[in-house]
Amino acid sequence: MDLPRGIQVVDGPAGLPLLRLESRFGTAEISNYAAHILGWRPAGHEEVLFVSPAATFLPGTPIRGGVPVVFPWFGAHAVEADHPMHGFARRSEFELEESTAAGEHLRVVLGRTDDASSRQVWPHPFQLRIELELAEAVLRFRVRVTNTGAEPFRFSEAMHSYFAVSDVRDITVEGLQRSRFLDKPHAYRARDDEEGPIRFGTEVDRVYERAPTTARIIDPGLGRAVQVHSHGAASKVVWNPGPERGSAMTDLGPDGWQRFVCVETGNVHGDDLDLAPGAEHVSTTELRVTRLD
Ligand code: TA6
């Protein structure tokens, strides 16, 4: 496919081919493998996403960092323990379907459908498209799921975004105060008693159902705030493994846990979705970076 000006194929980590979108608005990268967004540097700012220095880029394995695509289930499979964590999409190949440039505004669409491998673990025909737009001061990504079969299906989805931070112990996440969440480290106990911003240092793993549309990562060390705004995505998940779990994650490295926070957007747990034959669902996430005064 001929690529428009501003979009090119470059060699990424471990020789992984990446699509690089570059304009006056900044630079972003996404791989055909797993439709995995691996970087975003808006004009005037440093890298916004975290990719672990110990990440592996092997076929069939998830990449630690960037924006893993979680589909068609979130977390462990509800019944089959041997099914891949967070579904199969983040371990599979996508095809570049569209690439467009409108001035400095660049956009690519990567897609995949069901295949023999997916049907072994999830018996539904589907089309999954990940759209990535590099716009002025915004990185926008969409998840488009279409039911191409004759039967309805239920699914969960999330864009599991890893954000680079100075030190997770020095940041806060605002915007979710007093919102109800499921507290995974405490047996998913439901809570809504958090009056202040979320702080980190020990394991934090929270699923906010019917969450507020916008959360903000406040990072005094980097002098920036990252806004995570979503629509068509009822859930937010906030995760950092903390020192104990983090140091045991081989693709994270010894102090990798300190360098990121996940603020994920999607439709998970009680927000999972039913899709009728022929129907399509779109969820959109927009990232913005501002300097802290
Ligand atoms: O989104 C939070 C979470 O479900 C955590 O419980 C943790 O498992 C994290 O995802 C990472 O999962 P992964 O399979 O990428 O190691």
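**Reading a ligand site and some backbone features**

Reply: A polar side-chain atom of His86 lies 3.0 Å from an oxygen atom of the ligand. That is a polar contact, a pair of N or O atoms within 3.5 Å. The model is predicted: local features need pLDDT of at least 70, side-chain atom pairs count only at pLDDT 80 or more, and totals for chains, interfaces and linings use all residues. Residues are numbered from 1 along each chain as its sequence is written, and side-chain values use heavy atoms, with hydrogens and water left out.

Me: Which oxygen distances do Arg64 and Asp205 show?

Reply: For Arg64, a polar side-chain atom is 2.9 Å from a ligand oxygen. For Asp205, the distance is 2.5 Å. The ligand alone exposes 390 Å², and the protein buries 85% of that (Shrake-Rupley method, 1.4 Å probe).

Me: Is Ala35 buried or exposed? And Ala187?

Reply: Buried means under 20% relative accessible area, exposed over 50%, partly exposed in between (1.4 Å probe, protein chains only). Ala35 counts as buried because its relative accessibility is 0%. Ala187, at 69%, counts as exposed.

Me: Which residues does the cis peptide bond join?

Reply: Phe71 and Pro72, with omega about 0 degrees.

Key. A polar contact is a pair of N or O atoms within 3.5 Å; within protein, one must be able to donate a hydrogen and the other to accept it, and residues adjacent in sequence count only if both atoms are side-chain atoms.
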